[in-house]
Amino acid sequence: MSAVIPRHRVNVLSGLKSAKLVEEAEDYARLIKKAKRPLLVVGPLLLETTGDGKLLLEYAVEIAKVGSMPICATAQTKGGLDKLGAKPDSVYDAVEIVNALKDPSWKGVRGEGNHDLVLFFGIRSDLGNQSLSALKHFAPHLKTMTLCKHYFPNADFSVPNFKKDAKWLGFLEGVIENLKKGD
């Protein structure tokens, strides 16, 4: 698989650094496991259902659970998490959480210290890419990843563009399975 031009092409790469493409779920899970204080930021695109009727938000909850990471709900995702019986650790606007993450002295969503890895999942591509750009340039103390089905060049690590939902969902299942494995 290769990185193709993203849907949000307008001036997405005005710098020299672009996301490392990670194509294997095992490698993605390994990167998550290395983090001391990861954070999962979930957005409203996760309120959609997959072809088999499963909410995308269910994948996010499972990833957070097996990866031992707090969830930051943005937009209306708090209500979706509540319906699943999963309480988010924080509720922020997407811009608000990015501004907090830029501050190296911020204590994080659990008050344990700032996060060293932030995963974005279900954020609209234009907002997500701009948020990742802000973190790339103004938060050198953390790494960023995306779990959305499109490549995000401003993240530190991104998945490839998945043309078929089945491949993407298989990738997410692989991340979950690899996070469950002990090292």
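**Exercise 1. Which residues do ring pairs link into a cluster?**

Solution. The structure is a predicted model, in which local features need pLDDT of at least 70, side-chain atom pairs count only at pLDDT 80 or more, and totals for chains, interfaces and linings use all residues. Residues are numbered from 1 along each chain as its sequence is written, and side-chain values use heavy atoms, with hydrogens and water left out.

Step 1. Rings of Phe, Tyr and Trp (its six-membered ring) pair if their centres lie within 6.5 Å; planes under 30 degrees apart are stacked, over 60 edge-to-face, and the rest tilted.

Step 2. By this rule there are four aromatic pairs. One of them joins Y28 and F171 edge-to-face, at 5.4 Å centre to centre and 70° between the planes. Y28 belongs to helix 1 (residues 25–34) and F171 to helix 6 (residues 165–180), 143 residues apart. Helices here are DSSP runs of H or I with at least four residues, strands are E runs of at least two, and both are numbered from the N terminus.

Step 3. The cluster linked by ring pairs consists of Y28, F162 and F171.

**Exercise 2. Determine whether Y28 and F171 are buried or exposed.**

Solution. Buried means under 20% relative accessible area, exposed over 50%, and partly exposed in between (1.4 Å probe, protein chains only). Y28 has a relative accessibility of 0% and therefore counts as buried. F171, at 5%, is buried as well.

**Exercise 3. Describe the packing of helix 4 and helix 5.**

Solution. Step 1. Axes are lines fitted to C-alpha atoms, for helices over the stretch in contact, and angles run from 0 to 180 degrees between N-to-C directions. Helix 4 (residues 94–102) and helix 5 (residues 125–138) pack at about 10°, with axes 10 Å apart.

Step 2. Helix 4 is therefore roughly parallel to helix 5; angles under 35 degrees count as roughly parallel, over 145 as roughly antiparallel, 65 to 115 as roughly perpendicular and the rest as oblique.

Step 3. With contact defined as heavy atoms within 4.5 Å, A94, V95, V98, L101 and K102 of helix 4 meet L127, S131, A134, L135 and F138 of helix 5.

**Exercise 4. Where is N154 found, and is N154 buried or exposed?**

Solution. N154 is found in the loop between strand 6 (143–146) and strand 7 (157–158). Its relative accessible area is 4%, so N154 is buried.
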